[in-house]
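Please look over the model shown here before reading the remarks that follow. They are meant for someone meeting this structure for the first time.

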Amino acid sequence: MKTGNEVGQRKAAVLVAGSWGTALAMVLSDNGYQVTLWTRNESQAEEINTLHKNGKYLQDCLLPDSLSASNSMAQALEGAELVLFASTSSAMREIAKQAAPYVSSDALIVHATKGFEGDTLKRMTTVLSEELGRPEETLVVLSGPSHAEEVAKRMPTTVVVASADQARAEQAQDSFINNYFRVYTNPDLIGVEVGGAIKNIIALGAGMSDGLGFGANAKAALLTRGLAEISRLGTAMGANALTFAGLAGVGDLVVTCTSNLSRNWRAGHKLAQGIPLDEVLEQMGMVVEGVKTTKAARYLSEKYNVEMPIADQLYSVLFEGCEPNTAVNRLMGRGRTHESEQVAQDWGLHQS
Ligand SMILES: NC(=O)C1=CN([C@@H]2O[C@H](COP(=O)(O)OP(=O)(O)OC[C@H]3O[C@@H](n4cnc5c(N)ncnc54)[C@H](O)[C@@H]3O)[C@@H](O)[C@H]2O)C=CC1
Ligand SMILES: O=C(CO)COP(=O)(O)O
C-alpha cells in the first residue's frame, strides 16, 4: 500500500484487538510499522496470527502480514516506539496498569477511546497519565468521524489528533496519515475528548428517533441541539468551543447519528422497539459507549452546572424506565427559549 509517509520497520503496539484497535493497527501496518496487537484472548491472537483475520470484530477483512497478535503484554510492547490504547473506556485503567511496566519511556502514547471513566468521570488521558506516570500534556488523543469497518476497507476518512504538545501531535499525524486516512492536528485535547464521548449519547437518541419512525426534521433537531449540549459541557470543562465545529465535534456527531454502522445508533434503534437495555447490549456483542457516557453526563452536567436536556432524557429512558415517546414529549414541551442568546452562550460568544 502506498502511503503518505514511509516510516520503515518501526514497531508499534496496539492495545486491544477490538474493532477500532484492529482497524487502526491496519493503518499503521499500511504506513510501514511492524504492529503487534495485544489481546487477552488466546484464540483471537491465534486467529490473527494464522488466518490473518479478526472475525468477531472485522468480518471479511484480511489483515496485513506485518500485523501480528500476542497475549503477552511484555512481548507486544517490546521495542514499540508508538503505543496506541484503543480499549473500551471501562477497561482503560486496568489495561494501562498492565502495560505500564513495559512501555518505553520515550514511546509516543496515543489513545483512541471515546468515553469517561465511570466512577471518577475522568477523561481517558487523565487515566493514562495516572497509570503510565506521564504528564497529560505529553499524551495524544485520536478522534473524529471514523467507523472501523470503513477504515478497514481503506475508504477515505478524516480524523484529528490532539495534544497540548504540538510536536507530539505532529508525530502522531505523521504516523497515521496516508492516502485514505487524513489526519489533522488540534491543541485542544479536552475538546476532542469531550466531543468524541458525548456524541455517543446523541447517537443513541438518533437511533431511537429513527426507530420511532421520526424523520429528517427530528434528526436535524437532535444534531443541532445535541451539538449545543456538547459545546456547553465541553467549554465548561475547559475546551475551546471552535473544536466542536471540527471533526471531533460536528464531524463525529454526523457520522454516528446518520450511519447504521454506529453501535450507539443501532442500540438506540433497538431500544425504540421496546427491547430492554440488557438484551440490547447482549445482542450488540461490542461496546456501546453511549450507555455509560449517559450516566457520566448526568454527573458532569451537575458538577459543571450546565443544562443537557437530551442527555437527561436519554438517562430517563436507559435507567429510569421512561418510554422513548414520553422522553420526546418532554423535550418538545420544554419552556420556550430564544435561540440567538442560547447559541451565543453555548459557543462562548458574547453579544454586545
Ligand atoms: N469501532 C469503531 O468504529 C470506533 C470505536 N471507537 C472507540 O474505540 C473504543 C473501543 O471500541 P471498539 O474497538 O469498537 O470496541 P469493541 O467492542 O469492538 O472491542 C473492545 C475490545 O476490548 C476488549 N476488552 C474489553 N475489556 C477488556 C479488558 N478488561 N481487558 C482486555 N481487553 C478487554 C474486548 O475483548 C474487545 O476485544 C471505544 O471507546 C469506541 O467508542 C472510536 C472510533 C471508531
Ligand atoms: O465513534 C465512532 C465513529 O466515529 C463509532 O461509533 P459507535 O461506537 O457508535 O459505533
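The numbered points below go through the model topic by topic.

1. This is a predicted model, in which local features need pLDDT of at least 70 and side-chain atom pairs count only at pLDDT 80 or more, while totals for chains, interfaces and linings use all residues. Residues are numbered from 1 along each chain as its sequence is written, and chains are lettered from A and ligands numbered from 1 in the order in which they are written.

2. Four of the five residues of β1 are buried, so the strand is largely enclosed by the rest of the structure; a residue counts as buried if 20 or more other C-beta atoms lie within 10 Å of its own, as exposed if 12 or fewer do, and as partly exposed in between, with C-beta atoms placed from the backbone.

3. Two strands are said to pair if DSSP finds at least two bridges between them. On that basis β1 pairs in the parallel sense with β2 (residues 34-38) over five bridges, and Ala 13 stands opposite Thr 36 in β2. Four bridges also join β1 to β4 (residues 82-85), again with the strands running parallel, and here Val 14 stands opposite Leu 84.

4. Together β1, α1 and β2 make a right-handed β-α-β unit, where right-handed means that, with the strands pointing away from the viewer, the path from the first strand over the helix to the second runs clockwise.

5. Which helix gives the largest share of the shell around ligand 1? That share, three residues, comes from α1, and α1 (19-30) and α4 (92-99) each supply at least two residues of the shell. Of the 25 residues around ligand 1, Gly 18, Ser 19, Trp 20, Ala 148 and Met 286 come nearest, a residue being near a molecule if its C-beta atom, placed from the backbone, lies within 6 Å of it.

6. The shell around ligand 1 divides into 11 nonpolar, 10 polar and four charged residues; Ala, Val, Leu, Ile, Met, Phe, Trp, Tyr, Cys and Pro count as nonpolar, Asp, Glu, Lys and Arg as charged, and the others, Gly among them, as polar. At least three residues of the shell are drawn from each of domain 1 (11-187) and domain 2 (192-346), with bounds that come from an automatic or database domain assignment.

7. Some backbone angles deserve a careful look. Most residues other than glycine have a negative phi, and most peptide bonds are trans. His 52, in the loop between α2 (42-51) and β3 (67-70), has a positive phi of about 55° and is partly exposed, with 14 other C-beta atoms within 10 Å. Arg 154, in the loop between α6 (148-152) and β7 (157-162), has a positive phi near 60° and counts as partly exposed, with 16 C-beta neighbours inside 10 Å.

8. Gly 115, in the loop between β5 (108-111) and α5 (124-132), is buried, with 23 other C-beta atoms within 10 Å.
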